[in-house]
Amino acid sequence: MHLRLVCLAAALTFPCASLPAAVHGQAPGGSPATDPHHDLARDIFRQLIEINTSLTKGSTPAAEAMAARLRDAGFPAADLQLVGPAPPHMNLVVRYRGTGKLRPLLFICHLDVVEALRKDWSMDPFTFIEKDGYFYGRGTTDIKCEDADLVANLIRLKKEGYVPNRDLIVALTEDEESGDANGVQWLIAHRRDLIDADFGINPDGGSGELKNGRPIVMEIQTSEKVYIDYLLEATNRGGHSSLPVKDNAIYHIARALARLSAYEFPFSLNETTRLFFTRSAAFEIGQVRSDMLAVGASGLDTAAARRLAESSPYYNSLMRTTCVATMISGGHAENALPQDARANVNCRMLPDDTPDHVMATLRSVIADSQVTITRISNPSVGPLSPLRSDVMEPLEKITSEMWPGAVVVPSMATGASDGKYLRMAGIPVYGISGMYTDIDDVRAHGKDERIGVAEFYRGVDFMYRFIRALSGGL
């Protein structure tokens with residue numbers, strides 16, 4: 001699950017008086033209580049929530065349950081592939097056959113959830129509960145709402161006899177939350193033939209956002225920062241603490257970290273982050289609005305960028321590579337000079353930066369030959385997904401019709417999702433979801449996770465329209 005909702009809740013202050021009220025009206029063909037498509041989506045949602053797919057359990061039972069539903073709806077067994085490295089942790093890949101006029105379109109969505117303990121919740125986290133206008137349960141927002149949405153819409157399209165102009169592929173995957181090399185990583189490495197596509201949609205990478213019950217943003221995620229860890233280490237002979245010397249391993253690391261803390265990587269914006277600031281300016285006033293417009297324009301207004309960076313850690317992270325000390329250790333006894341000291345530095349690199357450049361920068365900033373710097377993680381570097389018109393135009397059209405006043409805002413995730421593996425493999429991917437959630441009530445991974453009932457049904461309707469728009473339908 002990406003972190004943009006949490007960041008925006010802290011970073012943005014929206015003047016709500018000018019925003020339109022949320023639209024929760026009836027979907028075409030009926031209300032949430034009577035629409036058979038909504039009823040089907042709710043039933044699938046309930047089934048998924050009540051299957052515990054945390055790491056200790058695995059997602060195979062949920063994948064099998066969804067395969068059974070799709071078989072019953074008329075999908076051939078050959079188009080339902082249950083594949084993976086081990087029986088408890090299998091992925092379901094579904095292919096909806098089209099005319100083949102265009103290359104396939106891929107949707108990815110993970111089935112696994114983070115652990116949830118009954119003692120930590122006000123209710124059983126693996127019992128689907130509807131209460132006071134919300135659906136409760138582990139995975140209601142991250143991200144079984146979209147698993148249910150995709151399965152329900154595939155069944156609806158099949159019943160309607162819809163023939164897309166391209167194959168539609170839905171991969172319901174495992175191990176996104178644990179970071180293990182299953183799910184999308186495994187599929188790319190071992191069964192790329194099942195998921196190879198023109199581009200992909202990752203509902204876990206995007207979302208709609210509500211503020212005070214009003215729809216404000218429809219996010220489209222086009223890129224992610226790159227995670228890298230570096231180890232800083234200093235060693236020396238040590239000795240008795242009663243005979244101190246200046247050459248102290250802990251002091252070397254302390255000075256290195258002090259220099260690092262004072263350094264800031266230069267500002268650098270890309271197509272996505274410039275448009276993010278340009279469109280986000282609509283929600284701001286005064287200096288912040290002016291600075292966002294200045295940063296979003298061509299060229300780089302460093303004074304405006306600096307003011308934004310100082311006002312919000314999120315804005316700062318969007319505009320530069322960042323490196324920060326996250327762990328430190330050293331010494332072996334209270335009465336001995338340290339023979340070694342170490343620190344972990346975690347960097348989140350811009351997509352167009354390079355690990356070698358970051359390493360060179362760290363060496364230059366630290367400037368101490370007694371401190372060795374080692375990269376200890378293999379970065380997953382993927383290119384920016386271009387803002388293509390065949391994705392942006394239908395997204396903006398449907399958003400304006402379903403949530404008048406909401407602004408489509410491209411984003412670069414400061415965290416990570418499974419989309420990065422597709423980008424690394426040469427498949428552009430876009431984080432898009434019609435499931436709106438309150439930016440001031442983010443409960444993913446937390447207690448009493450929930451999603452609004454009306455928001456869930458509207459999200460199902462959005463994805464139905466979006467799938468058709470991307471595959472030749474009206």
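This is a predicted model: local features need pLDDT of at least 70, side-chain atom pairs count only at pLDDT 80 or more; totals for chains, interfaces and linings use all residues.
K211 lies in strand β8 (residues 208-211), while D440 sits in the loop between β18 (436-438) and β19 (450-452), so the pair ties together parts that are 229 residues apart in sequence.

How many salt bridges does the structure hold? There are 27, and a few of them are worth a visit. In one, R191 is joined to D193, and the closest N and O atoms are 3.0 Å apart. R191 is partly exposed, its relative accessible area being 25%. In another, the side chains of E401 and K397 come together at 2.8 Å, N to O. Those two residues are four apart in helix α13 (residues 389-402), which means they are separated by about one helical turn. E401 counts as partly exposed at 41% relative accessibility, and K397 counts as partly exposed at 47%. Salt bridges can also share partners, and in this way D43, R46, E50 and R69 are joined into one network.

Let us turn to the cysteines. How many disulfides does a search of the whole structure find? It finds one, joining C323 to C347 with an S to S distance of 2.0 Å. The torsion about this S-S bond is about 110°, so the disulfide is right-handed. The bond links distant parts of the chain, 24 residues apart: C323 is in strand β12 (residues 322-330) and C347 in strand β14 (residues 340-349). Both ends are buried, with a relative accessible area of 17% for C323 and of 0% for C347.

C109 counts as buried at 1% relative accessibility. C145 is likewise in no disulfide, and C145 counts as buried at 2%.

Next comes a sheet that brings back β19, the strand at one end of the loop holding D440. Three strands form this open sheet in the order β4-β5-β19, and their pairing is antiparallel. β4 (129-131) and β19 are the edge strands, each pairing on one side only. On average, neighbouring strands here are turned by 25° against each other, direction ignored. If you look between β5 (residues 134-136) and β19, you will find three bridges joining these antiparallel strands. Y134 stands opposite G452 in β19. Across β4, β5 and β19 lies helix α15 (residues 453-470), which runs at about 75° to β19.

Back beside β8, the strand that holds K211, there is a loop that deserves a stop. N202 is found in the loop between β7 (199-201) and β8. Is N202 buried or exposed? With a relative accessible area of 4%, N202 is buried. Leaving aside neighbours within four places in sequence, N202 is in contact with I108, S417, D418, G419, V429, Y430, G431 and I432.

The last stop is the aromatic rings. A pair of aromatic rings is described by the distance of the centres and the angle of the planes. The count here comes to 19 aromatic pairs. In one of them, the rings of F276 and F277 have their centres 5.1 Å apart and their planes at 80°, so the pair is edge-to-face. F276 and F277 are both buried. F277 also pairs with Y315, again edge-to-face, at 5.7 Å centre to centre and with 70° between the planes. This second pair links distant parts of the chain, with F277 in helix α8 (residues 271-280) and Y315 in helix α11 (residues 313-319), 38 residues apart. Y315 is buried, as is F277. Finally, ring pairs link F45, F128, F135, F456 and Y457 into a cluster.

Terms used: Residues are numbered from 1 along each chain as its sequence is written. Side-chain values use heavy atoms; hydrogens and water are left out. A salt bridge is a side-chain nitrogen of Lys or Arg within 4 Å of a carboxyl oxygen of Asp or Glu. Buried means under 20% relative accessible area, exposed over 50%, partly exposed in between (1.4 Å probe, protein chains only). A disulfide is a pair of cysteine sulfur atoms within 2.5 Å. Two strands pair if DSSP finds at least two bridges between them. Axes are lines fitted to C-alpha atoms, for helices over the stretch in contact, and angles run from 0 to 180 degrees between N-to-C directions. Contact means heavy atoms within 4.5 Å. Rings of Phe, Tyr and Trp (its six-membered ring) pair if their centres lie within 6.5 Å; planes under 30 degrees apart count as stacked, over 60 as edge-to-face and the rest as tilted.
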